[in-house]
Amino acid sequence: MADAVCENPRKRNRMLEQTSKSTSTSDLMLTSNSKFGGIGNASDNWMKLKLKNSLGNEEEDEEYGKMETGRRSSGRITELGNGSEVIYYPTFITYDEGWRFFDYLNSHIPWTRPTLRVFGRHCVQPRDSCYVADEGAAELGYSGHKPHAYSWHQFPPLITLLKAVEEGVPGSRFNSLLLNRYKGGNDYVGWHSDDESIYGPTPLIASLSFGCDRPFYLKKKKTKNKKCSECDQHSFTLKHGSLFVMRGYTQRDWIHSVPKRSKLDAVRINLTFRLVL
Ligand SMILES: O=C(O)CCC(=O)C(=O)O
Ligand SMILES: [Fe+2]
């Protein structure tokens, strides 16, 4: 598979289309192409920028700043078999709005790089992260780390995105969000599944991507009787503004990763919305 195309904020280069080895990917209309905007008070006025009009008249400056997610593309379903499936929406958030979210998240989220315990060894997590959740949602813990849960109201654009994803993905509801920032190609997430018991047996996880394209791999978990074969692996390029949904038994039966891309020198921000039961 070709390396992801690198895109720095404001350098609008070409991005790769989704590449999937799957033969069962079909184009299904899962969302309407409606304009999504003007949602909720908290998120409406979070950012007010003054824009000088063409006459340079300060008094007639136009105010803008409503975060909207724009026109949505339809989702492509990939059936993984045995009740697992993923859906890829290449343009869930429009290009320019996507960069505004990117800029906000990059500069406002309190990113940290915690120390994890993996196979008994301490190591620094190879990416930045942050956790946001409803008050009262069960604590998240992974690799010996329990992230502090920030409130949604501290970051109003996240409420805009939460509503957009809940509206765009039929039947979805979320109360927590794990944010990841990959500062360059050496940042990654290794093979894992999000199968913590707090999410129940069939979690629906919706993953929004901003910034640099990165490949995302899915691989069937090994079972005693069966070795992995070609058809048990899929790869997607998660583009700026795209939404990737995993549902059914995907976390029970599959693992996923965002591998290193050593030549890459640009930032990617990923948001995974989850429902803690
Ligand atoms: O960055 C991504 O696309 C995936 C992140 C992920 O797998 C996770 O946060 O569990
Ligand atoms: Fe994950």
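Visitor: How many residues does helix H3 have, and how far does it reach?
Guide: Helix H3 covers residues 156-168, which makes 13 residues. From its first C-alpha to its last it reaches 19 Å, close to the 18 Å expected at 1.5 Å a residue. Keep in mind that this is a predicted model.

Visitor: Why call H3 largely enclosed?
Guide: Because 10 of its 13 residues are buried, H3 is largely enclosed by the rest of the structure.

Visitor: Which residues of H3 are the buried ones?
Guide: They are Pro-156, Pro-157, Leu-158, Ile-159, Thr-160, Leu-161, Leu-162, Ala-164, Val-165 and Gly-168.

Visitor: OK, on to rings. How many aromatic pairs does the structure hold?
Guide: There are 12 aromatic pairs. One of them joins Tyr-150 and Phe-155, and it is edge-to-face, with 6.0 Å centre to centre and 65° between the planes.

Visitor: What about the pair of Phe-174 and Phe-273, stacked or tilted?
Guide: That pair is tilted, because the planes of Phe-174 and Phe-273 stand at 50°, with the ring centres 5.9 Å apart. Phe-174 lies in the loop between H3 and strand S10 (176-182), while Phe-273 is in strand S17 (residues 268-274), so the pair ties together parts that are 99 residues apart in sequence. Both Phe-174 and Phe-273 are buried.

Visitor: Which residues do ring pairs link into a cluster?
Guide: Tyr-88, Phe-216, Phe-236 and Phe-244 are linked that way.

Visitor: And which charged end sits over the ring of Trp-191?
Guide: The one belonging to Lys-219, at 4.4 Å from the ring centre. Elsewhere, Arg-252 lies over the face of Tyr-249, 3.8 Å from the centre of that ring.

Visitor: New topic: strands. In what sense do S6 and S7 pair?
Guide: Antiparallel. Strand S6 (residues 115-118) and strand S7 (residues 121-124) pair over four bridges. As one example, Arg-117 has His-122 in S7 as its bridge partner.

Visitor: What's going on at Phe-119 in that hairpin?
Guide: The hairpin of S6 and S7 has two residues between the strands, and Phe-119 takes a positive phi near 50° there.

Visitor: Where do Asp-194 and His-256 lie?
Guide: Asp-194 is in the loop between strand S11 (189-192) and strand S12 (205-211), and His-256 is in strand S16 (residues 254-258), so the pair ties together parts that are 62 residues apart in sequence.

Visitor: Buried or exposed, Asp-194 and His-256?
Guide: Asp-194 is buried, with a relative accessible area of 8%. His-256 is buried as well, at 4%.

Visitor: Last one: how many disulfides turn up?
Guide: Zero, in a search of the whole structure.

Visitor: And the cysteines Cys-130 and Cys-212, buried or exposed?
Guide: Cys-130 is buried, with a relative accessible area of 5%, and Cys-212 also counts as buried, at 1% relative accessibility.

Conventions. Residues numbered from 1 in each chain as written. Chains lettered and ligands numbered in written order. Predicted model: local features only at pLDDT ≥ 70, side-chain atom pairs only at ≥ 80, totals over all residues. Heavy atoms only, no water. Expected span 1.5 Å × (residues − 1). Buried < 20%, exposed > 50% of the residue type's maximum accessible area, 1.4 Å probe, protein only. Phe/Tyr/Trp six-rings, centres within 6.5 Å; stacked < 30°, edge-to-face > 60°. Lys NZ or Arg CZ within 6 Å of the ring centre and 35° of its normal. Pairing = 2+ DSSP bridges. Disulfide = S-S within 2.5 Å.
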